[in-house]
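Student: I have a new structure to read. Please take me through it one feature at a time.

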Amino acid sequence: MDPRVRSLLMARLNADVSRRRFIQGAAGMAAVTVLGTGAVSAAGRKPAGRTPRGAQAGDEIGGPLNFLGYEGEEAPNVSKAFLEQNGIVMQPKYIGAADDALTQFQTGGRGQMDLMASNKDFQRGVLDAGIEFMAPLDMARIPNAAGLWPAFKVAPWVVRDGVQYTVPLIWGDEPCIYDPAKWPDGPPARYTDFADPKWAGSLVWLDDPYTNIWLYGRSLGYADPSRITQAQLDAVVEAMLASKPNIVAYGASLGDMVDIMVRGDASMGIGGWAGQLAIAREKGKEFAVASPAVDGTFYWSDAYAMALDAPNPANVYAFIDFMMGAEPNAQIAAELGSGCTTAPAWDLLDPDVQELFPYDTVRAEDGGVLYSQQVLPPQQPDGDIVNTGAWTDAWQVFKLS
Amino acid sequence: MTVRPPAGAWRQLAPATAFYLVFFGIPLLILLVLSFWRQEGFTQVPDATLGNYAGGLTNKLYVTVLLRTILVALVTALIVVPIAYVMAYLMRFRFERRANLLLGLVLISLFSGYLVRIYAWRTILGTEGLLNTALLQLGLIAEPITALIFSPWAVMITLVGLLLPLALLPISSSMSNVSRDHVEAARDLGSNGLRLHRTVLLPMVLPGVGTAFAIAFVLAAGDFVVPTMLGGASGGTMIGNLITNFFRSSSADWPLGAALSFVVLALLVIVYLVTTRLLRWVSRR
């Protein structure tokens with residue numbers, strides 16, 4: 001494996017487990033209040049390669065492009081030639097959790113950040129809350145985005161009130177990863193079937209309340225597992241407790257999950273990612289991915305956005321348009337073990353890579369499961385529907401039981 | 001007679017004091033202010049509420065985890081400190097000529113990263129790890145011992161392994177100041193074995209032992225990586241894991257996290273003071 005690709009995959013695998021599902025941003029207002037806005041702004045301001053005013057008022061391509069997002073999604077390998085040809089200097093900063101970007105933005109980062117990359121649930125939550133964070137996009141400056149799959153043109157984390165705020169880059173699902181030598185038939189039909197004693201000493205779960213509660217909620221038949229009552233949440237915890245005797249460990253990250261399985265301490269992981277297969281292969285282990293036949297799994301997607309008051313908008317538009325091109329979009333999807341977001345890119349993928357993900361989902365005119373599916377519960381209680389706090393407490397109760 | 005610090009002492013202390021004030025004192029003050037605020041949606045709202053402290057102390061889950069954390073930290077420290085004490089004694093009075101080499105061998109593990117050492121323990125304790133492989137090869141066991149990894153035992157063993165070098169340093173330093181003449185004089189006067197340690201050595205190295213206990217106890221109580229990586233499904237959650245969630249999750253509640261942090265800080269100080277007072281009392285009897 002190319003060392004650069006491995007480095008990118010390792011960073012992704014060892015990132016915070018919830019980075020795909022965080023919608024919460026914290027403002028860090030204590031520092032502002034105690035020390036004074038001016039002092040904190042001065043302390044937080046970093047030399048981010050601002051384009052000199054007057055010389056390039058944001059309308060000319062070239063100069064710095066300040067990226068804040070998941071490592072790898074600034075596509076250093078894919079975009080190298082493009083950046084050189086256009087005199088753009090990528091200046092990346094990486095986040096572990098999606099809300100890191102909002103925190104940085106609100107504590108001196110506004111006016112310093114250009115391009116951002118984050119997950120759909122976080123972006124949707126920001127749009128729902130009406131927070132000033134992502135800039136409306138002029139899609140006329142991203143002509144390649146016309147190739148986006150239908151699901152990515154109408155999704156609620158992409159478009160709001162007729163205005164587009166994000167441009168999806170990659171997507172994927174959250175399957176089980178397993179050792180086919182031990183489990184040739186793969187995972188059972190339902191997540192609740194993991195309570196069978198035959199799975200004793202085999203299971204490793206991602207240490208993430210949202211993944212596991214959602215999946216078990218799906219297994220219990222809840223139409224929308226992200227919106228459940230306290231009684232339903234209690235039922236989910238009971239169902240998870242039935243499987244708990246068979247759990248060996250909780251993976252702190254996707255990479256940690258693979259490590260536990262490669263060491264032979266577990267052989268079936270819940271809440272995995274296709275990219276884990278490559279890392280396992282490099283360590284001499286051949287694993288496989290699959291989802292329970294009846295319950296299925298959920299899907300995620302990461303998208304580009306432009307920060308409000310971005311100092312280099314021309315570079316942002318040029319870069320996003322480039323990444324929406326057929327070849328770059330196909331390359332980044334293959335590099336990160338994910339699905340591509342444009343139809344022309346799909347045509348360039350190898351047949352076996354095309355089969356990795358259910359593209360019929362994203363071809364759907366009604367937006368498919370990515371449009372309708374949400375993993376995270378509401379931030380605040382909504383009538384009987386419990387919020388994220390209730391889920392994290394339930395998860396801790398489950399782990400302590 | 002009052003002993004005054006030498007002239008200019010405060011000036012000499014000023015850089016270090018300033019450093020701690022800026023990088024420790026002020027952030028702590030910010031956290032303290034934050035602990036009285038409220039979380040509303042995505043933001044923290046200035047307020048003067050005790051609700052976070054009340055919520056933290058009356059939540060059964062948090063109290064359970066807090067008590068478990070104190071217990072684990074206490075047990076870890078009570079294991080680490082005696083081992084470190086014995087090692088320091090042996091290096092000072094039995095293997096004096098090799099003391100630096102032995103100390104170096106113990107401290108060499110600190111040269112590697114914290115996470116690297118935790119993964120090393122996984123390699124040692126794992127189902128297909130070094131220990132199980134050796135025992136299987138020697139024919140001492142027929143099946144790997146799965147309880148060695150991803151269990152409370154694994155957490156305890158790893159914490160002891162990680163903290164022992166740190167605890168050894170202050171005790172070793174105190175022990176190096178104990179003259180061999182004191183030990184020989186005590187033996188001549190009939191003090192041997194345990195009594196020698198309790199009545200002569202321990203009072204002399206008490207500052208080092210107290211520091212070692214503080215290091216082991218506080219670091220064990222605050223650790224959230226070892227329980228995450230090695231605690232397994234059987235319950236590796238410590239208070240640090242809970243507090244981390246409040247600052248880095250979709251249910252972020254910085255004020256509650258800050259309040260819990262200060263509750264933990266207060267409890268750790270109380271436990272530390274009680275334990276060191278107890279040590280002092282034992283050494284005076």
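Student: What should be checked before reading any detail?

Tutor: Start with confidence, since this is a predicted model. Where pLDDT is low, the predicted coordinates should not be read in detail. Here the average pLDDT of chain B is 87, and 95% of its residues score at least 70. For the model, ipTM is 0.75 and pTM is 0.76.

Student: Where in chain B is confidence lowest, and where is it highest?

Tutor: The lowest mean, 81, belongs to strand β2 (residues 43-45) of chain B, and the highest, 93, to helix α6 (residues 130-137) of chain B.

Student: How many helices and strands does chain B have?

Tutor: Chain B has 12 helices and 2 strands. In sequence order the pattern is α-β-β-α-α-α-α-α-α-α-α-α-α-α. The C-alpha trace of chain B spans about 70 × 70 × 35 Å along its principal axes. Of the contacts in chain B with a separation of 6 or more, 70% join residues 24 or more positions apart.

Student: How do I describe two helices that pack against each other?

Tutor: Give the distance between their axes, the angle and the handedness. For α3(B) and helix α9 (residues 193-222) of chain B, the axes come within 8 Å and cross at roughly 145°. The crossing of α3(B) and α9(B) is right-handed. Among the residues making the contact are B:Val81 and B:Ala84 of α3(B), and B:Ala212 and B:Ala216 of α9(B).

Student: Which residues have the most contacts inside the largest nonpolar core?

Tutor: They are B:Val81, B:Ala84, B:Ala167, B:Ile171 and B:Ala216, in a core of 162 residues. Helix α3 (residues 60-93) of chain B gives the most to this core, 14 residues. The core also lies between domain 1 (3-170 + 301-365) and domain 2 (175-297 + 376-400) of chain A, because both give residues to it.

Student: What is B:Ala84 in contact with, leaving aside its neighbours within four places in sequence?

Tutor: B:Ala84 is in contact with B:Leu164, B:Ala167, B:Leu168, B:Ile171 and B:Ala212.

Student: Is A:Leu370 buried or exposed?

Tutor: Count its C-beta neighbours. A:Leu370 has 27 inside 10 Å, so it counts as buried, the cut-off being 20 or more. A:Leu370 lies in helix α17 (residues 368-372) of chain A. Beyond its neighbours within four places in sequence, the contacts of A:Leu370 include A:Ala151, A:Trp171 and A:Tyr299.

Notes
Residues are numbered from 1 along each chain as its sequence is written. Chains are lettered from A and ligands numbered from 1 in the order in which they are written. This is a predicted model: local features need pLDDT of at least 70, side-chain atom pairs count only at pLDDT 80 or more; totals for chains, interfaces and linings use all residues. A nonpolar core is a set of buried Ala, Val, Leu, Ile, Met, Phe, Trp, Tyr and Cys residues joined through C-beta atoms within 7 Å. A residue is buried if 20 or more other C-beta atoms lie within 10 Å of its own, exposed if 12 or fewer, and partly exposed in between; C-beta atoms are placed from the backbone. Helices (H or I, at least four residues) and strands (E, at least two) are DSSP runs, numbered from the N terminus. Domain bounds come from an automatic or database domain assignment. Two residues are in contact if their C-beta atoms, placed from the backbone, lie within 7 Å. pLDDT is the predictor's confidence in each residue, from 0 to 100. Axes are lines fitted to C-alpha atoms, for helices over the stretch in contact, and angles run from 0 to 180 degrees between N-to-C directions. A crossing is left-handed if the near helix is turned anticlockwise from the far one by less than a right angle, and right-handed if clockwise.
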